[in-house]
Amino acid sequence: MIHPTPRLRFAPSPTGPLHLGGARTAMYNWAAARALGGTFLLRIEDTDQARSSDASLQIILAGLRWLGIDWDEGPEKGGAFGPYFQMQRLHLYRQAADELLARGHAYHCYCTPAEIEAGRKELEAQKAGFTGYNRRCRALSADQRAAFEREGRRPNVRFRMPDARAMKIHDLILGDVEVNTRDFDDWVMLRPDGVPLYNFACVVDDIGMKITHVVRGNEHFQNGIKQRLLFEALGHECPLYAHIPLILNKDGKKLSKRDADTNMLDYRDKGFAAEAVFNYIALLGWGFSGDRDVFTRDEMVAVFKIGGIGKSGAKFDEEKLRWMCGEYVRRWSPADLVARSRPWLEAPVTSAQFSPQAARLHALAAAGLELPPVPAHTFQFQAAWLQNVLACYQERVAILSELPGKLPWLFQQAPTLDAAAQKNLAKEPAAKDWLRGFADVLAAGNAPPSYRPWLPELDKADVRKGADAAVVLPSKKDAPEPVCAFDTPAQIEAQCRAFVERLGIKFGNFVHPLRAALTATDKGPGLFDVVFLLGKETCIERLRAAAL
RNA sequence: GUCCCGGUCGUCUAGUCCGGCCUAGGACCUCAGAUUUUCAUUCUGGUAACACGGGUUCGAAUCCCGUCCGGGAUACCA
């Protein structure tokens, strides 16, 4: 047999957002298609008309795009095997159903839901192992059918399952599994209105779209049995199946579409990096190697094999996702860091659509935080300074939404001291004198000029006079001393140590009130990077204010 | 009820197919220490698992059987 071009699909139903499990299924299909050099397509299973919506579709597509899962055929793309929406393929299902009806693989069923339920109850009462549809309409005479029709009953079409056929099937992940058709229903293929149900539409489309590998959640394993039989009845070879274990929630149960916090876009809106989320999800049931957890999409594709997916369910661990995000944030170039942080920092823009800015507002409001106003022109006219600022936070942030809450000391004229800062300021009785003294040291020194985002008249010129271009922050221990027209952090530190020595106090004792006065908190970048970023005038002002 | 699947540190996993290199490796979390002007990063080290019981074998996390536990399916949802 000539091996056909691998074709894999992700077939979501637009009845809710893209959740974790769906994202992972899409990812594994995508990775397998890329690894096999095949085609990855998207098919929209919108036959549940009551619950499908265009809004859900858009959210699903946005989620996939955000994760970097691109498709070769499907919505917005087209392709030679379309249409890719099942509701646009109804004629194909009708045609296949007629064929099956004619060949005796399917039959019309006139039972009402109540009758089906009654039949099931009866089987239960008999303590029958199988308690599905009682197959009453399997052998209806022409007269019986006509009578039902006269009653106004509209039939659906059921698939005639083989009576008791032992099947040995192979699954790429589960291996060989033995099942018996007696444990399965004569399932409904087509509703009376001609809209197909999942198993039927799925197979007709997998045939029509020449799908070669099906990777999907384990909840579809039994459907796979029905589908194999349908392929056979239709005279086609079935694709290779791979049923992957479910992602479990904290309670160890199947993740539900209705778990709001599993919407992929929520992770985007909370500030998680897309690559990190991708990387983390890939790890839920699959291992890159015995000793590496962080890898790129390309690296994944290079080694991905469907059979390498694990068999047991995985619980989602947000702690590890968080760590993963930090790993990615720390790998970004300074320019990337600025670009990716921007939506979380910049003053909100008006937009009818979703914007990360809007999400940021929510996040901040929820945390009870004041907005860190980073004016748009700061990005434009103080780019070097801002880059230094953010670089100082690169290893202090894992999720971008955490960033704004850390920056008020740089963007407010008089940031409010938090409890820790107040404590550090009050600890040493002489602290105020020290601070006043250090203000004088700075006044005599040559620290860079201050940039003050809070001033109404914002200077669009380079108020920093090139200081940030000359000194790359954060300061590193063994880095060569930069050439700068102003005092560098290292030089400021030297001045500080000399000052402390003159005073005859311990450096460690001085540093805490100094940080408190300057940053209004007890955390943050290196102290002398802080002085450098704040600039001469602002530092002197804050030190003298704190000394009052 | 019936059918199917699964079960290695708290969590994600490597090892299982082709028994010995496994006194079970890595990562997250956690704890201790180092570095240090805070926080963070980084580094070092520690705690922590083969669900249980029987086999087979010189030898089992790996093969077989049973038990228990967990999950999925059993829709005119997908």
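**Figure 1. Elements that line RNA strand B.** Seven elements each supply at least two residues of the surface near RNA strand B: strand 4 (156–159), strand 6 (175–180), helix 7 (221–233), strand 11 (314–315), helix 11 (318–331), helix 21 (507–519) and helix 22 (527–534). Here "near" means that a heavy atom of the residue lies within 4 Å of the strand, while helices (H or I, at least four residues) and strands (E, at least two) are DSSP runs numbered from the N terminus. Helix 11 gives the most to this surface, with five residues. Please keep in mind that this is a predicted model, in which local features need pLDDT of at least 70 and side-chain atom pairs count only at pLDDT 80 or more, whereas totals for chains, interfaces and linings use all residues. Residues are numbered from 1 along each chain as its sequence is written, chains are lettered from A and ligands numbered from 1 in the order in which they are written, and side-chain values use heavy atoms, with hydrogens and water left out.

**Figure 2. Residues and atoms around RNA strand B.** Of the 60 residues around the RNA, Thr47, Arg191, Gln222, Glu395 and Arg396 come nearest. By class, the surface has 26 charged, 17 polar and 17 nonpolar residues; Ala, Val, Leu, Ile, Met, Phe, Trp, Tyr, Cys and Pro count as nonpolar, Asp, Glu, Lys and Arg as charged, and the others, Gly among them, as polar. On the RNA side, sugar or phosphate accounts for 69% of the atoms within 4 Å of the protein, and bases for the rest.

Figure 3. In the side chain of Gln222, an N or O atom is 2.4 Å from a base nitrogen of the RNA. Gly285 places a backbone N or O atom 2.6 Å from a phosphate oxygen, and Pro525 has a backbone N or O atom 3.3 Å from a base oxygen.

Figure 4. The domain assignment, automatic or from a database, gives domain 1 (1–105 + 162–183 + 194–331) and domain 2 (338–546). Their centres, taken over C-alpha atoms, are 48 Å apart. Contact (heavy atoms within 4.5 Å) takes 13 residues from domain 1 and 12 residues from domain 2. The buried area, meaning the accessible area (1.4 Å probe) that two parts lose on being put together, summed over both, is about 1100 Å², and carbon and sulfur atoms give 53% of it. Asp269, Arg322 and Val329 supply 42% of the area that domain 1 buries against domain 2, more than any other three residues.

Figure 5. Two salt bridges are counted between domain 1 and domain 2, each a side-chain nitrogen of Lys or Arg within 4 Å of a carboxyl oxygen of Asp or Glu. Glu275 forms a salt bridge with Arg340, and their closest N and O atoms are 2.7 Å apart.

**Figure 6. Two cis peptide bonds.** One joins Gly82 and Pro83, with omega about -5 degrees; Pro83 sits in the loop between helix 2 (54–67) and helix 3 (90–102). Another joins Leu473 and Pro474, with omega about -5 degrees, and Pro474 lies in the loop between helix 19 (467–470) and helix 20 (489–503).

Notes:
Polar contact = N/O pair within 3.5 Å; in protein donor to acceptor, adjacent residues only side chain to side chain.
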